[in-house]
Amino acid sequence: FGGYFGMNHSGGPDITVSFFSGATLVNSQIVPMVVNCQWNWLGWDLTGLGVDRIHIKTNHSSTGYIMMDDMEADPGTSCPTRTIYCTAKTNSAGCVPSIATSGTPSASAGSGFTISTTNVLDNKFGLYFYSKTGPNNAPFQGGILCAASPLVRTPVQNSGGTPPCGGTYQIDFNAYVASGVDPALVAGQQVWVQTWARDPGFAPPDNTNLSDAVTFTLCP
């Protein structure tokens, strides 16, 4: 965010700039101003601060005025919020698996976006699978398939944990992207992800468990 500023007051050339996120003051700073009868560029990098309001005032008497011109804001690249959707299958121990995320999905970061699934059976093999074409809502192995074909499977892992539902699955999806195993995972690609796991408490062919699902778009 920035613009061109000028001041017509020569009794102490500075202004106070305050940055707010809603009603919360995020930062406040005194900015020197050159009183030279010219426009002076002032700009700030507000990345990650959630700033939605900026207050600018002179620090001097009412005879001092701040002039502003050509104000502009660069919102950068928008990264849509991750969305949890669909319905998990209750497992044979009566627990409902729950998928969650932390961090920011990125095509270039190399790490830092974790997908995790909790409330799953302990010490059972499972994996994450994903779609690049869309969501789904189809009956599948006694539960609901939440991602549309074609589906891509990530490596198998063991849930570990303690009985009955202390298991956990987890994948750093940014690291998975960085591995290059799927060249189609580039910035702007939307992904739909669901967890699949073994559940021997059900009779075949329904002896599996499915979580709910999450969709997100890979930021740069």
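**Exercise 1.** In which loop is Pro 205 found?

*Solution.* The structure is a predicted model.
Step 1. Pro 205 belongs to the loop between β16 (190-198) and β17 (208-217).
Step 2. Within the backbone, the peptide bond from Pro 204 to Pro 205 is cis, and its omega is near 5°.

**Exercise 2.** Identify the peptide bond that joins Pro 163 and Pro 164 as cis or trans, and locate Pro 164.

*Solution.* 
Step 1. Omega is about 0° for the bond between Pro 163 and Pro 164, and the bond is cis.
Step 2. Pro 164 sits in the loop between β14 (157-158) and β15 (167-172).

**Exercise 3.** Describe the backbone and the accessibility of Asp 70.

*Solution.* 
Step 1. Asp 70 has a phi near 55°, which is a positive value in a residue other than glycine.
Step 2. The residue Asp 70 is part of strand β6, which covers residues 66-72.
Step 3. Because its relative accessibility is 44%, Asp 70 counts as partly exposed.

**Exercise 4.** Carry out the corresponding analysis for Cys 86.

*Solution.* 
Step 1. The phi of Cys 86 is near 75°; here too the value is positive in a residue other than glycine.
Step 2. Cys 86 is located in the loop between β7 (83-85) and β8 (98-103).
Step 3. The relative accessible area of Cys 86 is 29%, so Cys 86 is classed as partly exposed.

Conventions
Residues numbered from 1 in each chain as written. Predicted model: local features only at pLDDT ≥ 70, side-chain atom pairs only at ≥ 80, totals over all residues. Heavy atoms only, no water. Helix = DSSP H or I, 4+ residues; strand = E, 2+ residues; numbered from the N terminus. Buried < 20%, exposed > 50% of the residue type's maximum accessible area, 1.4 Å probe, protein only.
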